[in-house]
Amino acid sequence: MKKIFTLISVALMAISSNAQEIPEHVYPIKDVVWGDITWKDGNGKKDKDNNDMFFLMGTGNGYKNIYAEEIYTDGEATGKYRPFYTYIDYEKGETGLPGYGLYYKLTPSMAGTIRMCVWVNKGNRKTFIVKASTGLPLTPYVDYTFDGYVNGQNANTDQPKLDDNGQQVLDNEGNPVWIQAPIYFTADEIKARHDEQGANPYVIDKGNQAVWGWLTFNVEAGESYCVYQQSSQLGFGGFEFGDGIYVASFGPGGIAPEFAAVVDGEGKATNVNNRGSVVSFTTCGVDVEAVGGAVPTEVTPNLETGIANVKAEIESNAPRYNLAGQKVAENYKGVVIQNGRKMIQ
């Protein structure tokens, strides 16, 4: 079942402490129709012992805001609109947490080390662990590490690959073929791969391949930590904390009870709001919030706000005014007018 929400002020809410520059022909949303949101097990990837590793898969990806962008064909407006997303660019000093889409937030009751099992759809996209009280990301390979597997990086096991007659399969050159399993990379080996590739600091592996394994980071008591990717899917396998182990998905159809309670027989979420499908529970001394967000199938712009679109080339130091014509400081929150244009700050 598709869900429809009226979000007249969506562009004015939940934005970062930095002004968001919006391209031309992008408007706040009045109404949005969400596609189906699902929570399901999937991606039974293998470990080094050739055992399946299952992950809970939520729809969508994490983002900061959503707008309506008018579609142009050959330079002509079509009167049709599609979703336009904004993300938090930590490398430009922006801060905050995702407002919509897929992410996982963990809040431990005591200090310690969390080892979170994740499946990252595209290892060359930025993966973030954000401290909620500051809105700042942890520093890769300093505050946290990743160890695990990279899609396509395999090695032979000592188990022969057999045909239907129980005979070992031979390759085209007559050599025996062995069952392969993923290579397990330690945190130091992943770091070495990362440095050799010259990858972005927040990228786990530069290749356009899935990676799966464990994010390990120290946590403070009562502090929340948000794990998400800006523009790709992120699977959740569970976590270890202290003496406790939580498994989110444990085989085909084996979704943990907390998630099974909010989906129907096909895995479609039954508890949808404008953030997505929110699943909250406490286990192993950690408060967990998982938010799955579907991709909008239709967006309607709110053209009555009069918010014009901000071009990147405008003078960023020009005076700012509120809608009453009063001059405001650059840290003012809300709709401001600068260089004759309105923008959301």
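# Salt bridges, sheet and surface

Visitor: What does Lys 46 form a salt bridge with?
Guide: Lys 46 forms one with Asp 52, and the closest N and O atoms of the two are 2.8 Å apart. Bear in mind that this is a predicted model.

Visitor: How exposed is Lys 46?
Guide: Lys 46 is partly exposed, because its relative accessible area is 31% and that class lies between 20% and 50%. Asp 52 is also counted as partly exposed, at 40%.

Visitor: How many salt bridges does the count come to?
Guide: The count comes to 11 salt bridges.

Visitor: What about Arg 115, which residue is on the other end of its salt bridge?
Guide: Asp 147, with 2.9 Å between the closest N and O atoms. The two sit in distant parts of the chain, 32 residues apart: Arg 115 belongs to strand β9 (residues 112–120) and Asp 147 to strand β12 (residues 144–150).

Visitor: Is Asp 147 buried or exposed?
Guide: Asp 147 is buried, with a relative accessible area of 5%. Arg 115 is partly exposed, at 24%.

Visitor: And Arg 193, what does it bridge to?
Guide: Arg 193 makes a salt bridge with Asp 205, where the closest N and O atoms are 2.9 Å apart. Arg 193 is in helix α1 (residues 187–197) and Asp 205 is in the loop between α1 and β15 (211–219), so this pair ties together parts 12 residues apart in sequence.

Visitor: Where does Arg 193 stand, buried or exposed?
Guide: Arg 193 counts as buried, because its relative accessible area is 19% and the cut-off is under 20%. Asp 205 is buried too, at 2%. There is also a network made by salt bridges that share partners: Lys 105, Arg 275 and Glu 289.

Visitor: Switching topic. Where does Ser 249 lie?
Guide: Ser 249 is in the loop between β18 (244–247) and α2 (257–260). Ser 249 is buried, with a relative accessible area of 4%.

Visitor: Which residues form a nonpolar patch on the surface?
Guide: Ile 245, Val 247 and Phe 250 form one, and together they have about 310 Å² of accessible area. Ile 245 lies in strand β18, and at 61% relative accessibility Ile 245 is classed as exposed.

Visitor: Now the sheet with β2 in it. What is the strand order?
Guide: The order is β2-β6-β7, an open sheet of 3 strands with antiparallel pairing. The edges are β2 (26–27) and β7 (76–86); each has a single partner strand, so one side of each has no neighbour in the sheet.

Visitor: How many bridges pair β6 and β7?
Guide: Strand β6 (residues 65–73) pairs with β7 over 8 bridges.

Visitor: What holds strands of a sheet together in pairs?
Guide: Strands of a sheet pair through backbone hydrogen bonds, either parallel or antiparallel.

Visitor: And the protein overall, how many helices and strands?
Guide: It has 2 helices and 26 strands. Of its 345 residues, 47% are buried.

Visitor: How much accessible surface does the protein have?
Guide: About 16,500 Å², and 48% of that belongs to carbon and sulfur atoms. As for contacts with a separation of 6 or more, 70% are between residues 24 or more positions apart.

Notes. Residues are numbered from 1 along each chain as its sequence is written. This is a predicted model: local features need pLDDT of at least 70, side-chain atom pairs count only at pLDDT 80 or more; totals for chains, interfaces and linings use all residues. Side-chain values use heavy atoms; hydrogens and water are left out. A salt bridge is a side-chain nitrogen of Lys or Arg within 4 Å of a carboxyl oxygen of Asp or Glu. Buried means under 20% relative accessible area, exposed over 50%, partly exposed in between (1.4 Å probe, protein chains only). Helices (H or I, at least four residues) and strands (E, at least two) are DSSP runs, numbered from the N terminus. Two strands pair if DSSP finds at least two bridges between them. Patches are made of residues with over 30% relative accessible area and no salt bridge: like charges are joined within 9 Å, nonpolar side chains (Val, Leu, Ile, Met, Phe, Trp, Tyr) within 5 Å. Accessible areas come from the Shrake-Rupley method with a 1.4 Å probe; for residues, only the protein chains shown count as cover. Contact means heavy atoms within 4.5 Å.
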